[in-house]
There are 2 protein chains.
Amino acid sequence: MERSTRQRSAIRTVLEAAARPLSPQEIHAGVQVSVPEIGIATVYRNLKLLLDEGEIQSVTLPGENARYEAARLAHHHHHHFHCTQCDRVFEVEGCPGPMHDLAPAGFTVVRHDLTLYGTCAECAGAAVAAPAKSRGHGHRH
Amino acid sequence: MERSTRQRSAIRTVLEAAARPLSPQEIHAGVQVSVPEIGIATVYRNLKLLLDEGEIQSVTLPGENARYEAARLAHHHHHHFHCTQCDRVFEVEGCPGPMHDLAPAGFTVVRHDLTLYGTCAECAGAAVAAPAKSRGHGHRH
DNA sequence: CTACGTGCAAAAAGTTTGCAATCGC
DNA sequence: GCGATTGCAAACTTTTTGCACGTAG
(Lines give C-alpha, C1' and ligand atoms only; values in the text may rest on other atoms or scores of the structure.)
Protein backbone atom coordinates (compact mmCIF):
# COMPACT_ATOMS: atom_id res chain seq x y z
CA MET A 1 0.00 0.00 0.00
CA GLU A 2 1.12 3.54 -0.57
CA ARG A 3 2.77 5.21 2.36
CA SER A 4 2.93 8.81 3.36
CA THR A 5 6.53 9.91 3.54
CA ARG A 6 8.15 13.23 4.17
CA GLN A 7 9.71 13.23 0.73
CA ARG A 8 6.51 12.44 -1.13
CA SER A 9 4.59 15.11 0.76
CA ALA A 10 7.29 17.66 0.06
CA ILE A 11 7.23 16.86 -3.65
CA ARG A 12 3.46 17.32 -3.67
CA THR A 13 3.83 20.61 -1.84
CA VAL A 14 6.43 21.96 -4.22
CA LEU A 15 4.33 21.05 -7.24
CA GLU A 16 1.17 22.53 -5.75
CA ALA A 17 2.98 25.75 -4.92
CA ALA A 18 4.47 26.16 -8.38
CA ALA A 19 2.70 28.35 -10.85
CA ARG A 20 4.28 26.54 -13.75
CA PRO A 21 5.59 23.12 -14.78
CA LEU A 22 8.84 22.24 -13.02
CA SER A 23 11.75 20.11 -14.10
CA PRO A 24 12.84 17.19 -11.91
CA GLN A 25 15.90 19.25 -11.00
CA GLU A 26 13.81 22.23 -9.95
CA ILE A 27 11.60 19.94 -7.91
CA HIS A 28 14.63 18.35 -6.31
CA ALA A 29 16.03 21.74 -5.37
CA GLY A 30 12.68 22.87 -4.05
CA VAL A 31 12.21 19.79 -1.92
CA GLN A 32 15.71 19.98 -0.50
CA VAL A 33 14.70 23.13 1.32
CA SER A 34 12.51 21.08 3.64
CA VAL A 35 14.06 17.64 3.18
CA PRO A 36 17.79 18.24 2.54
CA GLU A 37 18.80 14.58 2.35
CA ILE A 38 16.42 13.68 -0.49
CA GLY A 39 18.09 12.13 -3.52
CA ILE A 40 17.21 12.85 -7.13
CA ALA A 41 16.27 9.20 -7.61
CA THR A 42 13.50 9.57 -5.07
CA VAL A 43 12.19 12.56 -6.98
CA TYR A 44 12.08 10.55 -10.19
CA ARG A 45 10.50 7.55 -8.49
CA ASN A 46 7.79 9.69 -6.95
CA LEU A 47 7.13 11.62 -10.14
CA LYS A 48 6.51 8.33 -11.90
CA LEU A 49 4.28 7.14 -9.10
CA LEU A 50 2.25 10.35 -8.96
CA LEU A 51 2.01 10.32 -12.71
CA ASP A 52 0.58 6.81 -12.69
CA GLU A 53 -1.97 7.88 -10.13
CA GLY A 54 -2.91 10.82 -12.30
CA GLU A 55 -2.08 13.22 -9.51
CA ILE A 56 0.40 15.08 -11.67
CA GLN A 57 0.92 15.55 -15.38
CA SER A 58 4.02 15.74 -17.48
CA VAL A 59 4.58 18.61 -19.85
CA THR A 60 6.87 17.70 -22.70
CA LEU A 61 7.94 20.43 -25.06
CA PRO A 62 9.94 20.00 -28.26
CA GLY A 63 13.62 19.54 -27.52
CA GLU A 64 13.12 19.88 -23.79
CA ASN A 65 13.17 17.42 -20.96
CA ALA A 66 9.86 16.71 -19.28
CA ARG A 67 8.47 19.08 -16.70
CA TYR A 68 5.75 18.22 -14.20
CA GLU A 69 2.79 19.98 -12.68
CA ALA A 70 -0.03 19.14 -10.30
CA ALA A 71 -2.95 17.83 -12.29
CA ARG A 72 -5.45 19.95 -10.42
CA LEU A 73 -3.54 23.06 -11.44
CA ALA A 74 -3.59 22.11 -15.08
CA HIS A 75 -6.47 23.46 -17.07
CA HIS A 76 -8.54 21.21 -19.26
CA HIS A 77 -7.33 21.64 -22.78
CA HIS A 78 -4.51 24.10 -23.02
CA HIS A 79 -1.19 24.71 -24.65
CA HIS A 80 2.14 26.18 -23.70
CA PHE A 81 4.13 29.29 -24.22
CA HIS A 82 7.88 28.96 -23.95
CA CYS A 83 9.75 32.20 -23.33
CA THR A 84 12.97 32.00 -25.28
CA GLN A 85 14.61 34.49 -22.98
CA CYS A 86 13.92 33.28 -19.46
CA ASP A 87 13.22 29.72 -20.55
CA ARG A 88 10.10 29.45 -18.44
CA VAL A 89 6.94 27.77 -19.61
CA PHE A 90 3.44 29.17 -19.21
CA GLU A 91 0.04 27.77 -19.94
CA VAL A 92 -2.12 29.47 -22.50
CA GLU A 93 -5.85 29.02 -22.51
CA GLY A 94 -6.85 29.22 -26.11
CA CYS A 95 -6.67 26.70 -28.89
CA PRO A 96 -6.88 27.35 -32.62
CA GLY A 97 -9.65 24.82 -32.69
CA PRO A 98 -9.99 21.25 -33.92
CA MET A 99 -7.41 20.39 -36.51
CA HIS A 100 -8.72 17.03 -37.54
CA ASP A 101 -8.58 17.89 -41.18
CA LEU A 102 -5.00 19.13 -41.29
CA ALA A 103 -3.76 15.57 -41.56
CA PRO A 104 -3.70 13.72 -44.87
CA ALA A 105 -6.53 11.44 -45.85
CA GLY A 106 -6.56 8.21 -43.89
CA PHE A 107 -4.82 9.75 -40.90
CA THR A 108 -6.70 9.99 -37.64
CA VAL A 109 -5.87 12.83 -35.29
CA VAL A 110 -6.42 11.88 -31.68
CA ARG A 111 -4.57 14.62 -29.90
CA HIS A 112 -2.36 17.59 -30.53
CA ASP A 113 0.28 19.67 -28.83
CA LEU A 114 0.89 23.30 -29.56
CA THR A 115 3.86 25.27 -28.30
CA LEU A 116 4.21 28.99 -28.75
CA TYR A 117 7.64 30.60 -28.63
CA GLY A 118 8.46 34.19 -27.96
CA THR A 119 8.96 36.65 -25.17
CA CYS A 120 6.91 36.70 -21.99
CA ALA A 121 5.56 39.94 -20.56
CA GLU A 122 8.21 40.04 -17.87
CA CYS A 123 11.12 39.62 -20.28
CA ALA A 124 9.60 42.10 -22.70
CA GLY A 125 9.54 44.61 -19.87
CA ALA A 126 13.09 43.80 -18.80
CA ALA A 127 14.26 44.23 -22.38
CA VAL A 128 13.17 47.86 -22.23
CA ALA A 129 15.08 48.49 -19.02
CA ALA A 130 18.15 46.60 -20.26
CA PRO A 131 18.11 46.57 -24.05
CA ALA A 132 21.23 44.38 -24.25
CA LYS A 133 19.93 41.19 -25.82
CA SER A 134 21.86 38.22 -24.54
CA ARG A 135 21.44 35.23 -26.79
CA GLY A 136 19.55 32.63 -24.82
CA HIS A 137 21.00 30.95 -21.77
CA GLY A 138 23.17 28.52 -23.65
CA HIS A 139 21.78 25.70 -21.60
CA ARG A 140 22.49 22.70 -23.68
CA HIS A 141 21.47 19.37 -22.35
CA MET B 1 37.66 25.53 -45.41
CA GLU B 2 35.14 22.79 -45.51
CA ARG B 3 36.36 19.55 -46.98
CA SER B 4 34.52 16.86 -48.79
CA THR B 5 34.83 13.62 -46.92
CA ARG B 6 33.35 10.22 -47.47
CA GLN B 7 31.53 10.37 -44.16
CA ARG B 8 29.99 13.78 -44.77
CA SER B 9 28.82 12.83 -48.25
CA ALA B 10 27.32 9.63 -46.95
CA ILE B 11 25.42 11.49 -44.26
CA ARG B 12 24.05 13.88 -46.89
CA THR B 13 23.03 10.95 -49.06
CA VAL B 14 21.22 9.17 -46.27
CA LEU B 15 19.31 12.31 -45.33
CA GLU B 16 18.38 13.07 -48.92
CA ALA B 17 17.16 9.55 -49.45
CA ALA B 18 14.99 9.52 -46.36
CA ALA B 19 11.34 10.35 -46.70
CA ARG B 20 11.13 11.39 -43.09
CA PRO B 21 13.22 12.93 -40.30
CA LEU B 22 15.87 10.54 -39.01
CA SER B 23 17.46 10.17 -35.59
CA PRO B 24 21.25 10.36 -35.26
CA GLN B 25 21.20 6.61 -34.61
CA GLU B 26 19.22 5.90 -37.76
CA ILE B 27 21.60 8.10 -39.71
CA HIS B 28 24.58 6.36 -38.19
CA ALA B 29 23.19 2.97 -39.12
CA GLY B 30 22.38 4.16 -42.62
CA VAL B 31 25.82 5.59 -43.19
CA GLN B 32 27.56 2.49 -41.89
CA VAL B 33 26.28 0.62 -44.92
CA SER B 34 28.67 2.57 -47.13
CA VAL B 35 31.19 3.74 -44.53
CA PRO B 36 31.35 0.98 -41.91
CA GLU B 37 34.07 2.56 -39.78
CA ILE B 38 32.21 5.81 -39.14
CA GLY B 39 31.74 6.70 -35.49
CA ILE B 40 28.63 8.17 -33.95
CA ALA B 41 30.64 11.25 -32.92
CA THR B 42 31.29 12.04 -36.55
CA VAL B 43 27.58 11.83 -37.23
CA TYR B 44 26.86 14.30 -34.46
CA ARG B 45 29.64 16.64 -35.53
CA ASN B 46 28.42 16.68 -39.10
CA LEU B 47 24.80 17.12 -38.13
CA LYS B 48 25.79 20.19 -36.19
CA LEU B 49 27.88 21.47 -39.07
CA LEU B 50 25.17 20.88 -41.66
CA LEU B 51 22.66 22.44 -39.32
CA ASP B 52 24.77 25.58 -39.00
CA GLU B 53 25.01 25.79 -42.75
CA GLY B 54 21.26 25.46 -43.00
CA GLU B 55 21.64 22.41 -45.17
CA ILE B 56 19.57 20.31 -42.81
CA GLN B 57 16.93 21.03 -40.21
CA SER B 58 16.25 19.50 -36.86
CA VAL B 59 12.80 18.25 -36.00
CA THR B 60 12.18 18.23 -32.28
CA LEU B 61 8.97 16.73 -31.05
CA PRO B 62 7.71 16.77 -27.47
CA GLY B 63 9.44 14.14 -25.38
CA GLU B 64 11.54 12.90 -28.29
CA ASN B 65 15.16 13.29 -29.18
CA ALA B 66 15.91 15.44 -32.20
CA ARG B 67 15.55 14.05 -35.68
CA TYR B 68 17.11 15.56 -38.79
CA GLU B 69 16.07 16.02 -42.38
CA ALA B 70 17.48 17.65 -45.50
CA ALA B 71 16.33 21.25 -45.61
CA ARG B 72 15.41 21.06 -49.27
CA LEU B 73 13.01 18.22 -48.47
CA ALA B 74 11.31 20.21 -45.76
CA HIS B 75 8.36 22.31 -46.78
CA HIS B 76 8.10 25.96 -45.85
CA HIS B 77 5.88 26.27 -42.86
CA HIS B 78 4.58 22.93 -41.79
CA HIS B 79 3.87 20.80 -38.78
CA HIS B 80 4.20 17.18 -37.81
CA PHE B 81 2.06 14.14 -37.37
CA HIS B 82 3.36 11.50 -35.02
CA CYS B 83 1.82 8.09 -35.46
CA THR B 84 1.48 6.60 -32.00
CA GLN B 85 1.49 3.10 -33.41
CA CYS B 86 4.45 2.96 -35.77
CA ASP B 87 6.22 5.89 -34.13
CA ARG B 88 7.04 7.50 -37.46
CA VAL B 89 6.80 11.21 -38.06
CA PHE B 90 5.18 12.80 -41.09
CA GLU B 91 4.92 16.35 -42.27
CA VAL B 92 1.53 17.92 -42.59
CA GLU B 93 0.96 20.91 -44.81
CA GLY B 94 -1.71 22.93 -43.15
CA CYS B 95 -1.57 25.30 -40.24
CA PRO B 96 -4.48 26.51 -38.14
CA GLY B 97 -3.28 30.01 -38.90
CA PRO B 98 -1.57 32.74 -36.91
CA MET B 99 -2.07 32.32 -33.20
CA HIS B 100 -0.59 35.57 -32.05
CA ASP B 101 -3.53 36.37 -29.84
CA LEU B 102 -3.65 33.09 -27.98
CA ALA B 103 -0.94 34.31 -25.65
CA PRO B 104 -1.69 36.53 -22.67
CA ALA B 105 -1.32 40.29 -22.95
CA GLY B 106 2.28 41.41 -23.06
CA PHE B 107 3.48 38.14 -24.53
CA THR B 108 4.93 38.14 -28.02
CA VAL B 109 4.57 35.05 -30.16
CA VAL B 110 7.43 34.62 -32.57
CA ARG B 111 7.03 31.04 -33.62
CA HIS B 112 4.97 27.97 -32.93
CA ASP B 113 5.19 24.21 -33.16
CA LEU B 114 2.24 21.95 -33.65
CA THR B 115 2.32 18.19 -33.31
CA LEU B 116 -0.61 15.99 -34.19
CA TYR B 117 -0.90 12.54 -32.66
CA GLY B 118 -2.91 9.66 -33.92
CA THR B 119 -2.82 6.84 -36.39
CA CYS B 120 -1.33 7.10 -39.86
CA ALA B 121 -3.11 5.72 -42.88
CA GLU B 122 -0.87 2.68 -43.02
CA CYS B 123 -1.39 1.71 -39.40
CA ALA B 124 -5.11 2.37 -39.67
CA GLY B 125 -5.19 -0.08 -42.55
CA ALA B 126 -3.08 -2.63 -40.70
CA ALA B 127 -5.38 -2.35 -37.71
CA VAL B 128 -8.22 -3.61 -39.83
CA ALA B 129 -6.20 -6.58 -40.99
CA ALA B 130 -4.78 -7.27 -37.52
CA PRO B 131 -7.02 -5.70 -34.91
CA ALA B 132 -4.71 -6.65 -32.01
CA LYS B 133 -3.55 -3.33 -30.59
CA SER B 134 -0.05 -3.57 -29.18
CA ARG B 135 0.66 -0.83 -26.68
CA GLY B 136 3.31 1.40 -28.19
CA HIS B 137 6.91 0.41 -28.74
CA GLY B 138 8.09 1.08 -25.24
CA HIS B 139 11.00 3.15 -26.41
CA ARG B 140 11.94 5.19 -23.41
CA HIS B 141 14.62 7.86 -23.15
C1' DC C 1 7.50 -6.57 12.27
C1' DT C 2 7.51 -6.20 7.34
C1' DA C 3 6.93 -4.37 3.03
C1' DC C 4 7.30 -0.01 0.92
C1' DG C 5 10.44 3.80 0.46
C1' DT C 6 14.81 5.99 0.58
C1' DG C 7 19.83 7.24 -0.26
C1' DC C 8 23.70 6.23 -2.67
C1' DA C 9 26.25 4.66 -6.24
C1' DA C 10 26.45 2.42 -10.49
C1' DA C 11 24.21 1.69 -14.96
C1' DA C 12 21.95 3.24 -19.26
C1' DA C 13 21.22 6.19 -23.14
C1' DG C 14 22.19 10.20 -25.80
C1' DT C 15 25.42 13.75 -26.84
C1' DT C 16 29.82 16.22 -26.53
C1' DT C 17 34.77 16.68 -26.23
C1' DG C 18 40.00 15.69 -25.97
C1' DC C 19 43.52 13.79 -28.57
C1' DA C 20 46.43 11.57 -31.67
C1' DA C 21 46.20 9.71 -36.22
C1' DT C 22 44.48 10.58 -40.95
C1' DC C 23 43.38 12.61 -45.20
C1' DG C 24 41.73 16.43 -48.43
C1' DC C 25 43.45 20.04 -50.92
C1' DG D 1 52.64 20.06 -45.49
C1' DC D 2 48.90 21.93 -42.90
C1' DG D 3 44.85 22.08 -40.96
C1' DA D 4 40.23 20.15 -41.26
C1' DT D 5 38.26 15.72 -40.04
C1' DT D 6 37.95 11.38 -38.06
C1' DG D 7 37.78 7.32 -34.65
C1' DC D 8 38.04 6.14 -30.12
C1' DA D 9 37.47 6.69 -25.51
C1' DA D 10 36.36 9.39 -21.82
C1' DA D 11 33.33 13.01 -19.95
C1' DC D 12 28.77 14.76 -19.21
C1' DT D 13 23.68 15.01 -18.62
C1' DT D 14 19.43 13.02 -17.64
C1' DT D 15 16.93 9.17 -16.00
C1' DT D 16 16.75 4.42 -14.21
C1' DT D 17 18.06 0.59 -11.31
C1' DG D 18 20.37 -2.49 -7.63
C1' DC D 19 20.99 -2.92 -2.97
C1' DA D 20 21.22 -2.39 1.93
C1' DC D 21 19.18 0.40 5.33
C1' DG D 22 15.26 2.99 7.22
C1' DT D 23 10.49 3.64 8.58
C1' DA D 24 5.35 3.98 8.14
C1' DG D 25 1.49 1.38 9.39
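1. The same surface serves both copies: 100% of the contact residues of chain B recur in chain A.

2. A word on the model. It is predicted: local features need pLDDT of at least 70, side-chain atom pairs count only at pLDDT 80 or more, and totals for chains, interfaces and linings use all residues. Residues are numbered from 1 along each chain as its sequence is written, chains are lettered from A in the order in which they are written, and side-chain values use heavy atoms, without hydrogens and water.

3. Now the interface. Chain B gives 32 residues to the contact, and chain A gives 32 residues (contact means heavy atoms within 4.5 Å). The two chains bury about 2,600 Å² between them, 70% of it on carbon and sulfur atoms. Buried area is the accessible area (1.4 Å probe) lost on putting two parts together, summed over both. In chain B, Leu102(B), Phe107(B) and Tyr117(B) lose the most area to chain A, together 23% of what that side buries.

4. Which sense does the pairing of β5 of chain A with β5(B) take? Antiparallel, over 11 bridges. Strands are DSSP runs (E, at least two residues), numbered from the N terminus, and two of them pair if DSSP finds at least two bridges between them. Arg111(A) stands opposite Tyr117(B) in β5(B).

Conventions. Helix = DSSP H or I, 4+ residues; strand = E, 2+ residues; numbered from the N terminus.
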